[in-house]
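Student: I'm new to this one, could we go through it together?
Tutor: Gladly, ask whatever comes to mind once it is on the screen.
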Amino acid sequence: QEREYNMANKKKIKLSGPRPLHTNIGIYNKELGFLDDEDKFHPICHAVYAPTIRKNLETGVEEVLLEYTSGGAQESRWFPREVVAKADISELARYGVEISNSSKYYFGLHMDNQLYQAKRYSSYSHVGWKKVNRKLHYLLADASIPSLSPAASYTGTLNARRCGEEDAWNDMYSRCVAGHTPLELAVTLGTSACLVGYLSEKIGTETLFVNIVGKTSTGKTTMLNLAVSTAGPSVKKEGSLKISWNATGNGITGLLSGNTGVPIAIDELSESASGCLTQHLSQVASGASNLRAKTDGTPRPADTWHTTVLSTSNVSVYDFTNGNDALQTRVLEFEDVPWTRSAKEAEEINRVTASNAGFLIPKFAGALAKYTRDDLVDRLEGIRSGLPPVENPSGKESRIDLSISLLILTAEILEQDVQLQLNANKIRDFLCEYREKTYRSKMSEEDKAYIRFVCRYQANSQHFSSPIAPALSGEVWG
């Protein structure tokens, strides 16, 4: 035992004042013997190690990994650095670290020693565009564009990573997708999440919310699988990029929280059991959760996200929300689109995207990084100003036109910079046709009623009189 103490003394860093001695058995306080008396070692607590410190790139907060014995079992747990550095008795003792008022001083000295020697690395828990050292990086679960130096590890749960073989996805794309505008649009929709996250601070777009309406067997789910496969596998499991609307509201906002550039798909709106669906849909589209309070009454920061959210339903989202007018400018709806050409192609897309995915969006992020955000904003405004004029504009067109312009710009960058086999002009024509139908159909009940009244009046004006224009017919209606 004495040899073990001596070996530990040689390895530890010399500190001024009383020094604790750390061994495999525990932490001891060394009391020097008087004259010829032997030194004494007083136990402080069981062994506690701090081998690693990680720094969160998004918050700057550091955490310390403590390895210790509690109740005869080995424990490993992350603690905020300030808790370890201050030897916070209440917080450490809560999780079984052997510390008390009498041992706090020596425990703190021991932790100083451990923290000095601990290995350090950086981490992040959210995906998308993040500013690291004043430079934007696109972070995925397994990659950073451009690369981080030193490298950082992902501690989140969202499965935004490459998997399988890139050649398998490319082969599926060339055989089943290329040349079919609806499926090329599906790839554009998935990839647009990266552009939305990149420009959100510049253009004020919180989230691009797209709902796919259609009957069963029209390819809606296949379209979702293809869209999210740009960033990761489409298999529904923990951390999947595709979930169902039967998840809880908190579960959905928790999945979206902090996402600034990775597509999320939520399948089948009719499965939602939410009692306040209108509020929940508005929240998803707005890109922020409701404000809540902490236990002490102070406001908790709202969760936010800036990405593309894709949804499916059998009927329009407005039928689920009693025609909520606010959602009309926040949600793009594509109705009765033949997304797939055959059941065989749909089956092939679903099979491949389940295990071969995540290769396209890193390339798209690399292409975006070559442009300044101001350059892309100027290009976006050029696309928006080039859209066909709208007859009798209502003032609601601005947000919809911005969303459509984002999709057109995404398609152009995919075709020109990423060199994906895709026809951006046909996608633009498809979106402009949708835009025209949208502006014809998105009319409030009040507007429709007024137009019906005016048409009826004009057809029967001879039955109406005014102080300056008497009725032309003998039968006066009013």
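Student: Which strand does arginine 300 lie in?
Tutor: In this predicted model, arginine 300 belongs to strand 16, which covers residues 299-300.
Student: And is arginine 300 buried, exposed or partly exposed?
Tutor: Arginine 300 is partly exposed, because its relative accessible area is 37%, and partly exposed covers values between the under 20% of buried residues and the over 50% of exposed ones. Its C-alpha atom is separated by 9.7 Å from that of asparagine 290, a residue ten positions away along the chain.
Student: Switching topic, what is the order of the strands in the open sheet?
Tutor: The five strands run in the order 13-14-17-12-18, with parallel pairing. Strand 13 (242-244) and strand 18 (331-335) are at the edges with a single partner strand each, so one side of each has no neighbour in the sheet. On average, neighbouring strands are turned by 20° against each other, direction ignored.
Student: How many bridges join strand 12 and strand 17?
Tutor: Strand 12 (residues 208-213) and strand 17 (residues 308-313) pair over six bridges, and phenylalanine 209 stands opposite valine 309 of strand 17.
Student: Which strands does helix 6 lie across?
Tutor: Helix 6 (residues 181-203) lies across strand 12, strand 17 and strand 18, and it runs at about 145° to strand 17.
Student: Okay, and why is strand 8 largely enclosed?
Tutor: Four of the five residues in strand 8 (residues 128-132) are buried, so the rest of the structure largely encloses this strand. Strand 8 also pairs with strand 9 (residues 135-139) in the antiparallel sense.

Key. Residues numbered from 1 in each chain as written. Predicted model: local features only at pLDDT ≥ 70, side-chain atom pairs only at ≥ 80, totals over all residues. Heavy atoms only, no water. Buried < 20%, exposed > 50% of the residue type's maximum accessible area, 1.4 Å probe, protein only. Helix = DSSP H or I, 4+ residues; strand = E, 2+ residues; numbered from the N terminus. Pairing = 2+ DSSP bridges. Axes fitted to C-alpha atoms, helices over the stretch in contact; angles between N-to-C directions. Contact = heavy atoms within 4.5 Å.
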